[in-house]
Structure formats: structure tokens, C-alpha cells
Amino acid sequence: MDAQSAIGIASIVTAGITMAIGSIAPAIGEGNAVSQALRSIAQQPDEANTISRTLFVGLAMIESTAIYCFVVTMILLFANPFWSWVISP
Amino acid sequence: MDAQSAIGIASIVTAGITMAIGSIAPAIGEGNAVSQALRSIAQQPDEANTISRTLFVGLAMIESTAIYCFVVTMILLFANPFWSWVISP
Amino acid sequence: MDAQSAIGIASIVTAGITMAIGSIAPAIGEGNAVSQALRSIAQQPDEANTISRTLFVGLAMIESTAIYCFVVTMILLFANPFWSWVISP
């Protein structure tokens with residue numbers, strides 16, 4: 001196997017595995033947060049605005065971990081410095 | 001095995017595994033969120049509108065992690081820069 | 001093994017594995033949601049319409065993750081760009 005194939009296969013497999021595993025925890029964490037927010041709204045309907053605002057800020061922070069994985073995947077696919085070096089003449 | 005076969009097999013297998021693993025956590029997280037939303041509506045029927053609105057925003061955030069995996073899968077299948085390079089004459 | 005066999009085997013196996021793993025979590029998530037919906041309807045029969053509507057929207061969102069896996073499987077079987085390239089003369 002030549003160098004281009006080896007680097008390419010490693011980049012492709014790592015990109016997919018990174019996004020796949022990186023989406024597990026954010027989805028479960030956001031599910032827990034939304035679930036508890038809805039329980040809190042049912043318990044204290046007068047505070048629905050405060051609860052919603054806090055939920056959205058929290059979801060944005062949790063979502064950022066998935067976005068990190070997405071950014072790393074995009075870099076591996078489209079701006080991979082190892083691939084750029086290995087295909088340079 | 002030549003370079004085209006190796007890169008192609010890696011892309012196909014990674015695309016499938018990414019979407020398969022990437023669908024696990026969003027589905028469970030959304031199931032938890034919907035489940036708690038229905039319990040909250042039964043507990044506070046007067047707040048059904050607020051609960052539904054918060055649920056839908058939360059579902060959209062959870063769904064986004066599955067969409068990231070879908071985007072990566074589509075890129076691996078149809079816009080794969082490694083495959084484009086390896087089949088270029 | 002020639003390139004056609006290798007790409008064909010990878011596509012077939014990945015298509016099956018993707019749909020098989022991708023159906024696990026949506027089924028569990030929808031089961032949780034439906035289960036809680038029935039409990040909520042029993043608790044608040046007057047809100048059956050609201051609960052049903054929220055349940056159906058939630059089920060559609062959960063189902064979408066299974067549909068992503070189905071789409072990827074269909075693409076691997078019928079619109080596989082790697083297979084199209086490897087069998088082109």
C-alpha cells in the first residue's frame with residue numbers, strides 16, 4: 001500500500017468515527033436537559049420564560065461539543081495537512 | 001489491492017458506520033424529551049403550548065447532531081476529496 | 001480479489017449493517033415515547049388530543065434518524081458512486 005492510500009484511508013475512517021462517537025454524548029446530554037426543563041415548566045409555569053432562557057443557553061453549550069467534532073471532521077476531510085503534504089509533487 | 005479499491009472500501013464502510021452509530025444517541029435523547037413532554041402536558045394541561053414550543057426547539061437541537069452525521073456521510077459518498085484525487089487521471 | 005468484488009462486498013455488508021444498527025435506537029426511543037403517551041392519556045383523558053398531536057410530531061422527529069439510515073442504505077445499493085466508477089469501462 002502506497003503512502004497516499006494509507007493516509008487517505010486513515011483520514012476517511014477517522015473522520016467518520018470522530019463524528020459518530022462525538023454525537024453520542026451531546027445528544028444524550030441535550031435530551032436530559034430538555035427533559036428536565038419540561039418537568040420544571042410543568043412544576044412552575046410562572047417561571048417558563050426563565051427556564052426556557054436558561055435551557056437555550058445550556059443547549060448551546062452542549063451543542064458546542066458536537067460542533068467541535070464536526071469541525072475536526074471537516075478539517076480531516078478538506079484541510080488535511082498530512083494529505084496536502086503526501087500528494088504534493 | 002489498488003488505491004481505488006482501498007479508498008473506495010474505506011469510504012463505503014465509514015459512511016455506513018458513521019450514520020449507524022450517529023443515529024443511536026439522537027433517537028434515545030429525543031425519545032426521552034418527547035416522553036417527558038407528554039408527562040408534563042398531563043401534569044399541567046394549561047401550559048401545553050409552552051411545553052410544546054420548548055420541546056420542538058429542544059428536538060431541533062438534538063436532531064442537529066444526527067444531521068451532522070448525515071452531512072459527513074453524504075460528503076464521504078458524493079464529495080469525497082480523497083476519492084476525487086485517487087480517480088483523477 | 002479484483003476491484004469489482006472488493007467494492008461490491010463492502011457495499012453489500014455496509015448496507016445491511018447500517019440499517020441493522022440504525023434501527024436499534026429509534027425503535028427504543030419511539031417505544032419510550034408511545035409508552036409515556038399512553039400513561040399520560042390515562043392520567044388526563046381530557047387532554048388526549050393535545051397529547052396525541054405532540055406524540056405524532058415527536059415520533060416523526062425520532063423516525064427521521066431511522067430514515068437517514070434507510071437513505072444511506074438505498075444510496076449504497078442503488079446509487080453507489082464507487083460501484084458506478086468501478087464497473088464503468
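**Group meeting: three chains and their contacts**

Okay, let's start with one serine: B:S23 is buried, with a relative accessible area of 0%. Buried here means under 20% relative accessible area, exposed is over 50%, and partly exposed is in between, with a 1.4 Å probe and protein chains only.

Quick housekeeping before I go on. This is a predicted model, where local features need pLDDT of at least 70, side-chain atom pairs count only at pLDDT 80 or more, and totals for chains, interfaces and linings use all residues. Residues are numbered from 1 along each chain as its sequence is written, chains are lettered from A and ligands numbered from 1 in the order in which they are written, and side-chain values use heavy atoms, with hydrogens and water left out.

Back to the serine. B:S23 sits in the loop between α1 (3-22) and α2 (24-43) of chain B; helices (H or I, at least four residues) and strands (E, at least two) are DSSP runs, numbered from the N terminus. So what does B:S23 touch, leaving aside its neighbours within four places in sequence? With contact meaning heavy atoms within 4.5 Å, the list is C:G22, C:A25, C:P26, C:T65 and C:C69. Inside chain B, a polar atom of the B:S23 side chain lies 3.1 Å from the backbone oxygen of B:A20. B:F70 is 47 residues away along the chain, and its C-alpha is separated from that of B:S23 by 9.0 Å.

That takes us to the interface of chains C and B. The size of an interface is often given as the accessible area lost when the parts come together. Here buried area is what two parts lose on being put together, 1.4 Å probe, summed over both. For chain C and chain B we get about 3700 Å², with 79% of it on carbon and sulfur atoms. On the chain C side, C:Y68, C:F82 and C:W85 lose the most area to chain B, together 18% of what that side buries. The elements giving two or more residues to that side are α1 (3-22), α2 (24-43), α3 (48-78) and α4 (81-87) of chain C, and the largest share, 16 residues, comes from α3(C). The contact takes 43 residues from chain C and 44 from chain B.

What about the polar side? We count 0 salt bridges between chain C and chain B, a salt bridge being a side-chain nitrogen of Lys or Arg within 4 Å of a carboxyl oxygen of Asp or Glu. There are 7 residue pairs in polar contact, both at pLDDT 80 or more. Polar contact is a pair of N or O atoms within 3.5 Å; within protein, one must be able to donate a hydrogen and the other to accept it, and residues adjacent in sequence count only if both atoms are side-chain atoms.

Now chains A and B. Their buried area is about 3700 Å², and carbon and sulfur atoms give 79%. Again 0 salt bridges, and 7 residue pairs in polar contact, both at pLDDT 80 or more. On the chain A side, α3(A) has the largest share, with 15 residues. The contact takes 45 residues from chain A and 43 from chain B.

Last stop, the outside. C:I12, in helix α1 of chain C, counts as exposed at 59% relative accessibility. Over in chain A, A:I28 in helix α2 is partly exposed, at 36%.
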